[in-house]
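Dear colleague,

Here is the structure I said I would pass on. My notes on it follow below.

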Amino acid sequence: MPRKAAIGLQDFEKIITRNCLYVDKTDFIKEWWENEDDITLITRPRRFGKTLTMSMLEYFFSVKYAQKAELFAGLKIWQEEAYRKLQGTYPVIGMSFAMIKETDYQDARKKIGFIVANAYSDHYYLLKSRKLTDADKEFFKKVSFDMDDATATIALHQLCRFLAQHYGKKVLVLLDEYDTPVQEAYVCGYWKEMTGFIRAMFHALFKTNPYLERAVLTGITRVSKESVFSDLNNLKVITTTSKKYETVFGFTEEEVFDALKEFGLEDQKQEVKKWYDGFKFGDCDNIYNPWSVINFLDEGLLKDYWVNTSSNSLIEKLVREGSADVKRVTECLLRGDDFYTELEEEMVYSQLESEESAIWGMLLASGYLKVRRFFIHKESGTITYVLALTNREVVMMFRKMVRQWFGTCKNVYHVFLDALLSGDQQTMNEYMNEISLAVFSSFDSGTKPSKDTQPERFYHGFVLGLMVHLDGRYVITSNRESGLGRYDVLLEPRSREDDGIILEFKVYRAKTETTLEDTVKAALSQIIEKQYAASLEARGIAKERIRIYGFAFRGKEVLIDGGKILEYAPNRNEESKGSL
C-alpha cells in the first residue's frame, strides 16, 4: 500500500509519523554542516520544499527535540554515527516571514513584531534561568508585537545571547522566506521603510552577533547586499545556478519515477515529465516541481497545481507593465523559443522597472524560466544565459495571465476578435476603442512613459492577447523580417479557409499628420511599400486571401482601416509604388 500524498504538510514530524510520502533529503544535514558556512542563504522557487527542509533542520539540531531521534531512524543521516550524536544538541531559533503580506508598512512591521515576540514565547523558560540577569529578564519582558524599532531590531540578537548564556553553547538561526516582506513592500509601495528596518535587524542578528553558531535563510530571491545584507561578508549565497545542494530542493527524475511506481501511476511518466519537469539547479537537469508531483499523486490528474498556489501579482505586474521589448520576449517564450540575455542573480528591486535583465532574473529565481545553457565571454567575463519557459504548467500560467489582462472587457474583446477574423471594420473600430478605454492604463508602468511608448506597451500586450486567444487558428508573430522591413503583427492561418492578416500600428504624429486618417494611411502605405505580405505569399497564401489593417493611436483613441491587400496593391508593380 502506498504512503499518503499529503498536500501542504510542512512539519517534518507529522510527515514521518503519519506515514506520508517523504523523499529522503536528510543528507543535506551532513553536507551543510560539513561546509561550515556561517550564514547560508538558499534561494529556490516557492513550494519547492524550503519550509519542510527548515523543519527537518530544526527537529534534527534543536535541544527542544532531543527526544525525537526516532524520527530520523531509517533515513540517510542516521547511518552516520557522528550525526546520531549531534541530534538535539543545539539551541535553535526557528522563524518564518512567509505570512508577512500586508499592504502597508505599519501592519507589516507589526506582524514582524508578532513573529519575534512568538520566538521569545518559545523560550519563555529563560525567565527562570539563573544564567540571565535581572536586566536581561526585564528586556525579555519588553519584547512584544508593539515594541519600538530599537527593541525590535536588537531583539533576536539578544535572544541569541540569552540562549547561549543558558545552554553554554552558541545558537543556530533558521529563517524561512526571509524575502517575503521585501517583495510585498516593493509591490505595495513601502520598499524604503521595510528595507531599512530589515537591514538593521539583519545587521544585529547576522553581522555583530558573537552568540551565533550558524544560520540558514531561505527565500525566492537573492536580495541585493545594499538592500538588506549591508556589510555582511560571511554570507554564502546558493542560487538556482549554484552547484551546492542542487538536488536538495525539488524532486529528481529518479525520485519522481519511484513515487509514480509506488502509487501505481508508472504509465504517466512522460506526461508528468512534460508538465512538471524542466527545472535546473546547478548542473542538475530534470528537477521536478515537488508540489505539483505530490498533487498529481493524490488526484491522478495532470493540471496546473503549482501556479495556482499563491499570487503571481509581482510577475504579472512586471510583464503587463513592461516595455514593448519585454512583451516581445514573452511572445517569443510562449512560442517555445529560447531567449538570450545577460542578467544578474542578485535582485535589485529598484531596477525592476528600468532594467529588463532584472525582470528576467526575477522570473528565473521564481521558477518561471529555466537556464538551458550559458556562455562566459572571456574578454568581458559577462555571462549570456539561454532561457526558456520551464514546462507546460508555466506556459499555462502565462497564457492565463495574458487572458486576465482583458478580463474587464472579456466579452467586448471576443466580439472584436470575431470582427477581425470576419473583416467587419465598423465593429472592429467600435470595440477596439472600448478595449482601449478599459485596459489601456493598466499597461502603464507608472514611471511616466512618453506618449509614444505608452501605446506601444498597450498594443504589444494586445498582440500577446491575440496569441493566446487565436493560437489554435493562427500562427501569430510580430516584429519579424518580411519583404523589405519588419512588420508589426502577422497572422498566418493554419487552415486554408482563413485569410492571412497583417497589422501595422502607428502613433499619431501631430507634426506630420493632420488627422488619425493620415496615420492609418501611413500604416497601410508602409505595409505595401515594405512588401510585408512576402512571407505569407512565400508560404503559398494567395493575395486574395491576405488582408491588411492599419491601427492609428492617439492617446486611448484608436482608428482602424484596411481590407483586402488587392484593394491597395492589385499587382506587384503597383505594390512597389505603394499605391493606395
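A residue counts as buried when its relative accessible area is under 20%, as exposed when that is over 50%, and as partly exposed in between. Lys 280 has a relative accessible area of 21%, so this residue is partly exposed. Its salt-bridge partner is Asp 285, with N and O 3.8 Å apart; Asp 285 is also partly exposed, at 43% relative accessibility.

Please note that the model is predicted. The protein has 580 residues, of which 55% are buried, and its secondary structure comes to 23 helices and 20 strands. The C-alpha trace spans about 95 × 55 × 50 Å along the principal axes.

The salt bridges number 37. One of them joins Lys 50 and Glu 177 at 3.7 Å, N to O. Lys 50 is in helix α3 and Glu 177 in the loop between β3 and α8, 127 residues apart. Both Lys 50 and Glu 177 are buried.

Another salt bridge pairs Lys 564 with Asp 499, the closest N and O atoms lying 3.0 Å apart. Lys 564 belongs to strand β20 and Asp 499 to the loop between β17 and β18, so the pair ties together parts 65 residues apart in sequence. Asp 499 is buried, with a relative accessible area of 16%, whereas Lys 564 is partly exposed at 28%.

On the strands: β14 (residues 474–478) has four of its five residues buried. β14 pairs with β17 (residues 489–493) in the antiparallel sense over five bridges, and Ser 478 stands opposite Val 489 in β17.

Regards

Definitions and conventions: Residues are numbered from 1 along each chain as its sequence is written. This is a predicted model: local features need pLDDT of at least 70, side-chain atom pairs count only at pLDDT 80 or more; totals for chains, interfaces and linings use all residues. Side-chain values use heavy atoms; hydrogens and water are left out. Helices (H or I, at least four residues) and strands (E, at least two) are DSSP runs, numbered from the N terminus. Buried means under 20% relative accessible area, exposed over 50%, partly exposed in between (1.4 Å probe, protein chains only). Two strands pair if DSSP finds at least two bridges between them. A salt bridge is a side-chain nitrogen of Lys or Arg within 4 Å of a carboxyl oxygen of Asp or Glu.
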